Amino acid sequence: MWKPAGMDTREGVKASKLRRHTPAYLAPWRVSPCVFRSSKSELKPNLASDGLACAPLQMFTEEEAMLKDMVTKFAQERVAPFVQKMDENAKMEDSIIQGLFEQGLMSIELGEEYGGTGASFFSIILAVEELAKVDPAVALVCELQNTLTNKLFTTYGTEEQKRTYLPRVSKDTLGSFCLSEAGSGSDAFSLKTRAEKKGDYYIINGSKMWISLAEDAGVFFVMANTDPSLGYRGITCFIVDRNTEGLHVGKKEDKLGIRASSTCPVTFDNVKVPETNILGQVGQGYKYAIGMLNTGRIGIAAQMLGLAQGCFDRTVPYTKERVQFGKSVFDFQGMQHQIAQVATQLEAARLLTYNAARLAETGRPAIKEASMAKYFTAEVATLTTSKCIEWMGGVGFTKNYPIEKYYRDCKIGTIYEGTSNIQLSTIAKFLAQEY
């Protein structure tokens, strides 16, 4: 038998056995069955019989395009004049909240029977994006009302709860979602707020932190544990009106960004809630929270996308007007490459966000896609706003221009509705299942 120089027969046998026992996934050039899983496709519906068409993600229906244009106009005319003042005072203008309700932007997906617009989920994403280009804090109010408050009522509410609350939240009442506590942030289901059953009502005791819109909310969704011995399976969602005795909204936080949107602690001191105010089923609150946050993450992705695009749109024209060394700053190739890179990142973020939104709208699974969109848009917003300050130079570092506000506002995107690390863990979990 031929053998390489320096190798005796016994060594050759050992080498042969070693090769035979090498795991398949380590074999050179051997293709694992799951390597090309990303190439897997699904059959499309019968386009001819179902009347469906495959359109680019950035093509909108006539209704979506009209809503987008309306929101753009509203943001420029009704929001823009107050942005600096609201940021400085950390207070939302009442006229803006009123305007959001009047324009139907707080009930975009709600049916007309409840006073809503009856538009698509994708329309919510477009509205949030356009508002965020001008003020991310205003966009957040719209986003939370549509993706959390309204969704919770329509998805899990009884007919009586819908009749009671949906006309209010579409007309003039803000909702607020109470989940986080001092000791339960990313580990949300370790919450300590307790709901003790007493006959046909419950007594809630505990405290919540980082509660968005709490300062102005008229109704609260309160996550409380009805049976701590069951762990997270005892978590139940309660509908609690603001004027309920024992509910106290604390002093709002003095925040880095999105300052016009309130964030407050909320405490519950022997708050009496009728059994009829349980949203959905006892012990299912954790499922509702997960489901709503998955959808809400697409909304936050739209907020971060709009924020980044708005900052970019305000900065690039300045680079074309600013002259140094006899030509505009934009005309330097080094600057052009940086701007082109950020523009490409923005386009990728938009496609991720729109794809997740379209999937969710059609009822398709979109948990991984939602996490990807939120994670990536938050990263892109951080990059974009930082670069824009650099491109603006000294003036970008001052409060005379809105660029530094975008920079402050974007940081929350890596924190709320699931931190960036939580998004990465979620994505990794799905990848582990796929491979």
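Me: How many aromatic pairs does a search of the whole structure find?
Reply: The search finds 13. Rings of Phe, Tyr and Trp (its six-membered ring) pair if their centres lie within 6.5 Å; planes under 30 degrees apart are stacked, over 60 edge-to-face, the rest tilted. This is a predicted model: local features need pLDDT of at least 70, side-chain atom pairs pLDDT 80 or more, while totals for chains, interfaces and linings use all residues. Residues are numbered from 1 along each chain as its sequence is written, and side-chain values use heavy atoms, without hydrogens and water.

Me: What sort of pair do Phe60 and Tyr354 form?
Reply: Edge-to-face, at 6.1 Å centre to centre and 70° between the planes.

Me: Where do Phe60 and Tyr354 sit in the chain?
Reply: Phe60 is in the loop between helix H2 (47–50) and helix H3 (62–79). Tyr354 is in helix H10 (residues 333–361), 294 residues apart from Phe60. Helices are DSSP runs (H or I, at least four residues), numbered from the N terminus.

Me: Is Tyr354 buried or exposed?
Reply: Buried, at 1% relative accessible area. Phe60 is partly exposed at 26%. Buried means under 20%, exposed over 50%, partly exposed in between (1.4 Å probe, protein chains only).

Me: And what about Phe122 and Tyr354?
Reply: They pair edge-to-face too, 5.0 Å centre to centre with 75° between the planes. Phe122 is in helix H6 (residues 121–134), 232 residues from Tyr354. Phe122 is buried, at 0%. Phe60, Phe122 and Tyr354 make one aromatic cluster.

Me: New topic: which charged end sits over the ring of Phe122?
Reply: That of Arg358, 3.6 Å from the ring centre. The criterion is NZ of Lys or CZ of Arg within 6 Å of the ring centre and within 35 degrees of the ring normal.

Notes
Helix = DSSP H or I, 4+ residues; strand = E, 2+ residues; numbered from the N terminus.
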